[in-house]
2 protein chains.
Amino acid sequence: MNYTSMSKQELLNEKQVLCELYNNILSEKLSLDMSRGKPEKRQLDISEKILTVLSENKDCFSENGTDCRNYGILDGIDEAKKLFADILDVSSENVFVGGNSSLNMMFDTLMRFMVFGVSKEAKPWSENKKNIFLCPVPGYDRHFAVCETLGIEMVNVPMTKEGPDMDIVEELVKNPDVRGIWCVPKYSNPEGVTYSDETVKRMAALKPASSDFRIMWDNAYCVHHLYDEETPLLNIIDECEKAGNPDMVYVYTSTSKISFPGAGVAVMASSKANIDYTKSIMNFQTIGYDKLNMLRHVKYFGDAKGVKEYMKKHADILRPKFEMVVETLEKELSDKGIASWIKPQGGYFVSLNVLEGTAKRTVSLCKDAGVVLTGAGATFPYGKDPEDRNIRIAPSFPTVEDLKSAMRVLCVCTRLSAVEKLLESAK
Amino acid sequence: MNYTSMSKQELLNEKQVLCELYNNILSEKLSLDMSRGKPEKRQLDISEKILTVLSENKDCFSENGTDCRNYGILDGIDEAKKLFADILDVSSENVFVGGNSSLNMMFDTLMRFMVFGVSKEAKPWSENKKNIFLCPVPGYDRHFAVCETLGIEMVNVPMTKEGPDMDIVEELVKNPDVRGIWCVPKYSNPEGVTYSDETVKRMAALKPASSDFRIMWDNAYCVHHLYDEETPLLNIIDECEKAGNPDMVYVYTSTSKISFPGAGVAVMASSKANIDYTKSIMNFQTIGYDKLNMLRHVKYFGDAKGVKEYMKKHADILRPKFEMVVETLEKELSDKGIASWIKPQGGYFVSLNVLEGTAKRTVSLCKDAGVVLTGAGATFPYGKDPEDRNIRIAPSFPTVEDLKSAMRVLCVCTRLSAVEKLLESAK
């Protein structure tokens, strides 16, 4: 049943079978969406009590007596810093607690680098002739969009099962125009890969030609495990310090997929020098972020252990979906030689690699059948998947039933576009 | 009792009296703060019910069914846009609802101008040799700090009782390096001046040499009246459109001094073209701001009329403080020829002009006596008051009792430093 070893006639027969299946699907007039990496309603419902954890005036004071309703405190209330410091396994002095969006913090970080430089002594990136960022692929489209918006050129770095190919990264950072790299180190978007200890150590020990080089470490899924047994990730801040590169990394995370995506709390962690430098500029950008929402989160979750326990509720909702996606892929595609994937242990996505040159066609066939997927190419800089093979599956938002239908359609379309492709060169 | 017509001996006698008064104050070992333009606890307590207006999962949906807990909607939920549109007397399509800080929106606006320019066609300001902003003085220190941070040169424009001196503004905008002007058009910070109709019309009809010229219209105190009879302000967005300058102005306000300074909702209004351009960039900065907090505000206040009614509660707390400040100034300083002030009809400050060359000394004498005031010079670009005469009084935060003590000290220090100054040149 391996498509790649089929004769032309066998492929033609298979195509006929698949076309019939596809036509039946068309007649179902489906309307399903597997494109959105966002929690579903039941996940949001878990956090109901966070709404009322501050319900009277007297609840609005922080441990040290600060009235969180009023102005002040640029980098967040102490107990919020402590909570996130514990989650990220760093010290409170390394933490800046912000608004509701870590993407906003990342964008603003790069804006600061463009306008002010990476430190008081450094030159603004806008004065450089060229700025290049390394982009492990497949990766997160919004990271790439930030670079594109800011005119930062992007260079692809292939992902391995241990993270970005470090041989290539080590080679590329010898170029003095290379100013940084995007990383989603745990349960990566979209593959679900967690960087190995060796990858983290090599990343932290990079000797880039540009002293401006910064690692944008988007640890979005730091506590987003699907199973009790967690996949460990080395602490990049510790490793950078050990390697003599204390200022080389900025870490980001948020409670967007812990409490509420639209009303969570985002955080940034870095060396004390980087945090101090950031504050020296942000001091003129804002008086401070929403301290009541920080306090809500601290009072609701208690501590890092509380967050960890709480995440099991999300996992219980997400796990059956991820397992269904992977089981369907295994059942429908594993023996056909036209697709590969990794079974994620956490995060929000499953990454499907289809036969080279068929991702766009597959997504388009799905769309015509009423199943919306993330656009093919979205997981690559400039939206260009050079091999046209990666498709990002987002299982979190639809119901299990809808997901089952959508996956059935995706598998038929993957097979059909593979057969079409193979027929092009079949003799 | 006019100090300026006193003989040397009269001044020496007066000095002796004042020194005794000052020494008595020193022995009181006061610790008072009149520097902070923030609401006091009773004002924050008014809004207690906003904490629980969303208390169950089912409360978290907007009118059109959007789950405000989840991702999405860059420019704010419809009903929040409507609320702010009504407050600012513009259309919803002119409104972008943001996070908790209008200062943050202003900073980000100028950052966008620096990195991307004022429109798709325009050149980034960072590529200009020089960027100049006009700064009506006295004004808001944080506006000036934004310019200084971004390397935008500042030029003072004197305030009149009708707003910035428009003869001077009209002259200065002929300089093609002049890119904008800061305005607090209603109950201005710190003088409490509301721009006259003529000022607004002339501002809207400016013909600046630079097509990049933008008016930063910080309408922070748009509903912050102290009395039932409001001081009207012409609608700058309408006037700019009438004058053929629809894209020349950005308007800002927030609920920081309506609900909670640390956890309010900020908003920006401008032409549809400007809002669309802003969104085209911000689309890569964030997925959206805290929609739950927007919804809280809409559900709590209902509509613009609700906000207006609600502001009377703030006025009832603030009015006695402002009146006490002005009455004390009148009683202690009105006949001495060494100070002037305007009685504000709204806003958060009273601006005191002392004898030229004595503001720093006055603030310093107050500090030594345990009364903290905003630093002399803070109301001018670069912290430099060329005449060393303006002092900003912030009556909102202290209790009436504390304010009374602080004002007593301020008046003695104002008189003492004036006498010292006059003695320098007395014969």
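Which helices of chain B each supply at least two residues of the lining of the largest pocket? They are helix H4 (102-116) and helix H5 (141-149), with helices (H or I, at least four residues) and strands (E, at least two) taken as DSSP runs numbered from the N terminus. Welcome to a predicted model, in which local features need pLDDT of at least 70, side-chain atom pairs count only at pLDDT 80 or more, and totals for chains, interfaces and linings use all residues. Residues are numbered from 1 along each chain as written, chains are lettered from A and ligands numbered from 1 in written order, and side-chain values use heavy atoms, without hydrogens and water.

**View 1. The largest pocket has a volume of about 790 Å³.** Among its 38 lining residues, Tyr71(A), Ile287(A), Gly37(B), Tyr140(B) and Arg142(B) are the closest to the centre. A pocket here is an open set of points on a 1 Å grid over the protein atoms alone, where a 1.4 Å probe fits, with protein on both sides within 12 Å along at least five of seven lines; lining residues have an atom within 4 Å of a point. Volume is the space filled by probe spheres set on the points, which are joined across faces, edges and corners.

**View 2. H5(B) gives the largest share of this pocket's lining, four residues.** The lining of the largest pocket holds 14 nonpolar, 16 polar and eight charged residues (nonpolar: Ala, Val, Leu, Ile, Met, Phe, Trp, Tyr, Cys and Pro; charged: Asp, Glu, Lys and Arg; polar: the others, Gly among them).
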